[in-house]
Amino acid sequence: MAGYLVSDSRKVTTHRFIEMKERGEKISMLTSYDYTMAGIVDGAGIDGILVGDSASNVMAGNGTTLPMTVEQMIYHAHSVVRGVNRALVVCDMPFGSYQIDRHEGVKNAVKMMKESGCDALKLEGGEEIIDTVKGILDAGIPVMGHLGLTPQSINKFGTYAVRAKEEAEAEKLRRDAFLLQAAGCFSIVLEKVPSVLAGEVSKSLTIPTIGIGAGGGTDGQILVVTDMLGMTKGFSPRFLRRYANLNDVITNAIGQYVTDVKGKDFPNEKESY
């Protein structure tokens, strides 16, 4: 049934993201980190794939996203790009690759685009990094913003709790969103912020917002693919909807394989040369 939800097989671009908002069409996004999963996700009709620095947690087993390097993100993004035909592929710039100064940020952004082949980059933050965002955009690289809970700043926040519940932080989020839009970003991720605020910001912008834990008022949604497929266990935030339970499916399949091997049932005559 691959692609059954999508009749339009044209390549999704940053401009098409904006067109989708203008039409009132919700944007679907998921993460991917490798060729095989990206091919499945793309074939099912997803609009955008984020090569997230969440690979640090999902693929490498780290407790935070902070250890990821530019080279590691390029590796994952390049693998994803080779498996994708239609979806817009966005790659996270990892912690430390753009916060130092504009020159360093632009240099790393150019390297990531050239070596990964992705369509756009995502950066966390607003006013604090706006000069770097402008520099990357000036270099001809599309940028997706990211506001609210920004995991690269976890040591500053000290918690993964909902952000911008207080008016001062909410007002900063509104201001940062307009700054990113004015700079030329094509969309903004809003993570773990009150749904009323996310809906308000989404309506006030001409560029689309992509929500994760931000309610249904955003212009699109994104989830970590291994979470929504039920491959991970022990992580059940309020915003996560599991669409499958692949952890049990995979475990049972491997368990049956072990049983068949030890029971001398695999390979059988038909499976041998």
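Which residue lies over the face of phenylalanine 157, and at what distance from the ring centre?

**View 1. Arginine 163 and the ring of phenylalanine 157 in the predicted model.** Arginine 163 lies over the face of phenylalanine 157, at 4.0 Å from the ring centre. A charge sits over a ring if NZ of Lys or CZ of Arg is within 6 Å of the ring centre and within 35 degrees of the ring normal. The model is predicted: local features need pLDDT of at least 70, side-chain atom pairs count only at pLDDT 80 or more, and totals for chains, interfaces and linings use all residues. Residues are numbered from 1 along each chain as its sequence is written, and side-chain values use heavy atoms, with hydrogens and water left out.

**View 2. The aromatic pair of phenylalanine 17 and phenylalanine 186.** The structure holds 2 aromatic pairs (ring centres of Phe, Tyr or the six-membered ring of Trp within 6.5 Å; planes under 30 degrees apart are stacked, over 60 edge-to-face, the rest tilted). Phenylalanine 17 and phenylalanine 186 form an edge-to-face pair, with 5.9 Å centre to centre and 65 degrees between the planes. The pair links distant parts of the chain, 169 residues apart: phenylalanine 17 is in helix α1 (residues 14-23), and phenylalanine 186 is in the loop between α8 (167-183) and β6 (187-191). Helices (H or I, at least four residues) and strands (E, at least two) are DSSP runs, numbered from the N terminus. Phenylalanine 17 and phenylalanine 186 are both buried (under 20% relative accessible area; exposed is over 50%, partly exposed in between; 1.4 Å probe, protein chains only).

View 3. Strand β1 (residues 27-31) and strand β8 (residues 220-223) pair in the parallel sense over 4 bridges. Glutamine 221 in β8 is the bridge partner of serine 28 and also of glycine 211.

**View 4. Cysteine 91 and cysteine 118.** The count comes to 0 disulfides (a disulfide is a pair of cysteine sulfur atoms within 2.5 Å). The sulfur of cysteine 91 is too far for a bond, because the closest cysteine sulfur, in cysteine 118, is 5.1 Å away. Cysteine 91 counts as buried at 1% relative accessibility, and cysteine 118 counts as buried at 6%.

Note on methods. Two strands pair if DSSP finds at least two bridges between them.
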